[in-house]
Amino acid sequence: MKLGSSIRRRQVRRLRSIPKWRGAMIGIVLMAVGVGSGYSFSTKVWFPIPEPEGDFLGVTNLRHLDQAEALKQIAGLGLNGLVVDSFRHPTVISGQILGQHPLPGQLSSPGDTVELTVSLGPIRRAVPDVTRISFEAAVSVLESSGFGVVIDSLEAELPLGQVVEILPEPGTEVDLPMEVRVAVSKGPSLIAMPLLLGVEQERGEEILDSLGLVIEEVTSRFRFGRDQGRIVEQRPKADSMVIPGASVSIVVGRRSSGSRN
């Protein structure tokens, strides 16, 4: 056997032993290197990117600066500042920059104008007085005025469903949007009508007065024995639930027929 033929067979075996995936990876790497080198050569030598002509200035970000400070910075760049628009904004205070043109980072030539949009601040409005009206009507008035509404309830002398109070107080000037807290009456706390039958008239009147009830009518009716001078009828009936200040009528037993108011 010749020595040269033996060496060639070993080389062929080594080439055949290289896995296919390694060959594919080598090909991809060589392709990427070739494309990158070609792009770099073409952009640098054949078709270079032209440099911008003249002196250009990059516009800075002016949003949320005070108008005076924004104009000062624009002038410092050699540009002209001009407020072209303004409107109300719920969260940005009056005088702050809301927008600009050109946008931050864009280029301008010396002497160009930077247009600004400035906030006029949030809308301010006085809280309307909606007390002592129904809560449905109060909610309608408040919402149509731009307010949000939160409803609470409490016991009060006003009739059920009427607005007792609002917070902030009526007439307070606030920024919109704003939530107004509306306290709605559940009606006055009720009182159980006491049992007055058989109680002496004077003592019965003391009991009613201590509960805040008003004796509207006192009449008398002929009675024998122990009922004389005592309450024999009452309206409302005992254990009825009544509001403070409710009217009460009583009938008192007397020695003779007839009535006394």
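A residue is called buried when its relative accessible area is under 20%, exposed when it is over 50%, and partly exposed in between, with a 1.4 Å probe and only protein chains taken into account. The model described here is a predicted one, in which local features need pLDDT of at least 70 and side-chain atom pairs count only at pLDDT 80 or more, while totals for chains, interfaces and linings use all residues. Residues are numbered from 1 along each chain as its sequence is written, and side-chain values use heavy atoms, with hydrogens and water left out.

The chain has 261 residues, of which 26% are buried. Five helices and 15 strands are found in the chain, where helices (H or I, at least four residues) and strands (E, at least two) are DSSP runs numbered from the N terminus. If a contact is taken to mean heavy atoms within 4.5 Å, then among the contacts in the chain with a separation of 6 or more, 70% are between residues 24 or more positions apart. The accessible surface of the chain, computed by the Shrake-Rupley method with a 1.4 Å probe, comes to about 17600 Å², and carbon and sulfur atoms contribute 56% of that surface.

We can turn next to the charged pairs. Side chains of opposite charge can pair when their charged atoms come close. With a salt bridge defined as a side-chain nitrogen of Lys or Arg within 4 Å of a carboxyl oxygen of Asp or Glu, the structure holds seven of them. One of these joins R124 to E173, with the closest N and O atoms 3.2 Å apart. Because R124 lies in strand β6 (residues 124-126) and E173 in strand β9 (residues 173-175), this pair ties together parts that are 49 residues apart in sequence. R124 is partly exposed at 44% relative accessibility, and E173 is partly exposed at 49%.

Another salt bridge is formed by D152 and R181, whose closest N and O atoms are 3.0 Å apart. This pair links distant parts of the chain, since D152 belongs to strand β7 (residues 147-154) and R181 to strand β10 (residues 178-185), 29 residues apart. D152 has a relative accessible area of 30% and is partly exposed, as is R181 with 41%.

E217 and R235 also form a salt bridge, with the closest N and O atoms 3.7 Å apart. Here E217 is in strand β12 (residues 214-222) and R235 in strand β13 (residues 231-235), 18 residues apart. E217 is partly exposed at 35% relative accessibility, and R235 is partly exposed with a relative accessible area of 48%. Salt bridges that share partners, moreover, join R124, E173 and D175 into one network.

Just after α3, G78 takes a positive phi of about 85 degrees.

Helix α4 (residues 135-144) has A138, V139 and L142 among its buried residues. These residues cover an arc of only 100 degrees around the axis, which means that they lie on the same side of α4; the arc is that of the directions from the helix axis to the C-beta atoms. An α-helix has 3.6 residues a turn, so residues three or four places apart point the same way. The cover over the buried residues of α4 includes β7, β8 (163-167) and β10, whereas E136 and S144, on the other side of α4, are exposed. Just after α4, G146 takes a positive phi of about 95 degrees.
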